[in-house]
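Here's a friendly walk through a structure that may be new to you.

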Amino acid sequence: MSPDKKKKLNILRKKLDLLDNKLIKLIKIRTNIVKDVLKLKTHKNEIVDKKRISTILKNIKEKSIKNKIDPKITNKIWKNMIYAYIDFERRNFNKKK
């Protein structure tokens, strides 16, 4: 890689790092909201709401297309995030206060 391209790559990577820092802050906010949602659930079978998951993924696909983002990327991101939070809720169900 040429020195010029390497310099441009480093600049782009720094931009990605800054964006990652913003995403971490948003994930913390989302996690706190999920904790509040979990407090409202009285049975473990309330953790997975397939209809809600389907609606979320449909909306994300529509928003992705509207914003000219590859919907396969956003679908994978949101599915992983949803299932990570389902796992989080299951692990924390009996710990909620």
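H2 passes H3 in a right-handed crossing, where right-handed means that the near helix is turned clockwise from the far one by less than a right angle, and left-handed means anticlockwise. The helices here (H or I, at least four residues) are DSSP runs, numbered from the N terminus. Before going further, note that this is a predicted model, in which local features need pLDDT of at least 70 and side-chain atom pairs count only at pLDDT 80 or more, while totals for chains, interfaces and linings use all residues. Residues are numbered from 1 along each chain as its sequence is written, and side-chain values use heavy atoms, with hydrogens and water left out.

How do you describe two packed helices? You give the angle between their axes and the distance between the axes. The axes are lines fitted to C-alpha atoms, for helices over the stretch in contact, and the angles run from 0 to 180 degrees between N-to-C directions. Here are the two pairs side by side:

| Helix pair | Angle | Axis distance |
|---|---|---|
| H2 and H3 | about 150° | 9 Å |
| H1 (residues 3-40) and H3 | about 50° | 11 Å |

With that angle of about 150°, H2 is roughly antiparallel to H3. Angles over 145 degrees get that label, while under 35 counts as roughly parallel, 65 to 115 as roughly perpendicular and the rest as oblique.

So who meets whom? On the H2 side, Ile53, Ile56, Leu57, Ile60, Lys61, Ser64 and Ile65 are in contact (heavy atoms within 4.5 Å) with Pro71, Thr74, Asn75, Trp78, Lys79, Ile82, Tyr83 and Ile86 of H3. Sorted by type, the residues of this contact are ten nonpolar, three polar and two charged. Nonpolar covers Ala, Val, Leu, Ile, Met, Phe, Trp, Tyr, Cys and Pro, charged covers Asp, Glu, Lys and Arg, and the others, Gly among them, are polar.

Now for the other pair. H1 and H3 pack at an angle of about 50°, and that makes H1 oblique to H3. H1 also passes H3 in a right-handed crossing. Ile27, Arg30, Thr31, Val34, Lys35 and Leu38 of H1 make the contact with Met81, Tyr85, Phe88, Glu89 and Asn92 of H3. This time the residues divide into six nonpolar, two polar and three charged.

Next, the inside. The largest nonpolar core is made of nine residues: Leu38, Ile47, Ile53, Ile56, Leu57, Ile60, Ile82, Ile86 and Phe93. Such a core is a set of buried Ala, Val, Leu, Ile, Met, Phe, Trp, Tyr and Cys residues joined through side-chain atoms within 4.5 Å. Helix H2 (50-66) and helix H3 (71-92) each give two or more residues to this core, and H2 gives the most, with four. Leaving aside its neighbours within four places in sequence, Ile82 touches Ile53, Ile56 and Leu57.

Phe93, another core member, lies in the segment after H3. Is Phe93 buried or exposed? Phe93 is buried, with a relative accessible area of 9%; buried means under 20%, exposed over 50% and partly exposed in between (1.4 Å probe, protein chains only). Beyond its neighbours within four places in sequence, Phe93 is in contact with Leu38, Lys41, Thr42, His43, Lys44 and Ile47.

Finally, look at Lys68, in the loop between H2 and H3. Lys68 is exposed, at 80% relative accessibility, and has a positive phi of about 60° although it is not a glycine.
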